[in-house]
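Open your viewer and get ready to click along. This short tour tells you what to select at each stop and what you will find there.

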Amino acid sequence: MKDSSMADFDRIDLKILRALQSEGRLTNAELAERVNVSAATCHRRTQRLFDGGYITGVRAEVAPAAVGLGALVMVGVVLDRSTPESFAAFEGAVMEMKEVLDCNLVAGDFDYLLKIRVRDMADFNKLHGQKLIALPGVRQTRTFFVMKEVKENARLPF
């Protein structure tokens, strides 16, 4: 993204972003009608938002339980060293793990916070024993099984 501020946006751009964030399957014609511009103008503006990195993709939200991934697990990870090399090695290895949905470098008690989807506790136990503790530089992990997802993948507040 070129500039993280919204200074280059006008109200039409914001309407496009809000509409697509809410309903990513809108056709260009539906989107144009919703934001009250011509289809050509809408297409040009939407393409500019993609090209500028303001829209990074469009995808379906799949119900995890429906595809056998009903357990959500958060894992705090502490590395044995806090060096750019150890961070890079850990991050590279995590990028290869399909079970890890999110990986964030955080301040506080952990170096990283992982969001993981698995079938159940037994599936996580296997993942933990075979992959998580074998990640480069891992000194300690703390696991939190999510009991209830109160707010998940909320829309950006703009």
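A salt bridge here is a side-chain nitrogen of Lys or Arg within 4 Å of a carboxyl oxygen of Asp or Glu. Keep in mind as we go that this is a predicted model.

**Stop 1: a pair to start with**

Select Arg 119 and Asp 123. Their side chains meet in a salt bridge, with 3.4 Å from N to O. Now colour the two by accessibility: Arg 119 is exposed, with a relative accessible area of 52%, whereas Asp 123 has 16% and counts as buried. The cut-offs behind these words are under 20% for buried and over 50% for exposed.

**Stop 2**

Switch to a cartoon view and look for the strands. Four of them form an open sheet, and reading across it gives the order β2-β3-β1-β4, with antiparallel pairing. Which strands stand at the edges? They are β2 (100-105) and β4 (138-145), and each has a single partner strand, so one side of each is left without a neighbour in the sheet. Turn the view to follow the twist, which averages 20° from one strand to the next.

Zoom in on β2 and its partner β3 (residues 112-118). The two run antiparallel and are joined by five bridges. Pick Cys 103 here, and you will find Leu 114 of β3 standing opposite.

**Stop 2: the cysteines**

How do they compare in accessibility? Cys 103 is partly exposed, at 28% relative accessible area, while Cys 42 is buried, at 0%.

**Stop 3: two links across the sequence**

Select Lys 115 and Glu 152. They form a salt bridge whose closest N and O atoms are 2.5 Å apart. Lys 115 lies in strand β3 and Glu 152 in the segment after β4, so the pair ties together parts that are 37 residues apart in sequence. Lys 115 is buried, with a relative accessible area of 11%; Glu 152, at 32%, counts as partly exposed.

Then move to Glu 99 and Lys 131. Here the closest N and O atoms of the salt bridge are 3.4 Å apart. Glu 99 sits in the loop between α4 (84-95) and β2, and Lys 131 in the loop between α5 (121-130) and β4, so this pair ties together parts 32 residues apart in sequence. Glu 99 counts as buried at 14% relative accessibility, and Lys 131 as partly exposed at 38%.

**Stop 4**

Where does Val 62 lie? Look in the loop between α3 (39-51) and β1 (71-79). With 56% relative accessibility, Val 62 counts as exposed.

Notes. Residues numbered from 1 in each chain as written. Predicted model: local features only at pLDDT ≥ 70, side-chain atom pairs only at ≥ 80, totals over all residues. Heavy atoms only, no water. Helix = DSSP H or I, 4+ residues; strand = E, 2+ residues; numbered from the N terminus. Buried < 20%, exposed > 50% of the residue type's maximum accessible area, 1.4 Å probe, protein only. Pairing = 2+ DSSP bridges. Axes fitted to C-alpha atoms, helices over the stretch in contact; angles between N-to-C directions.
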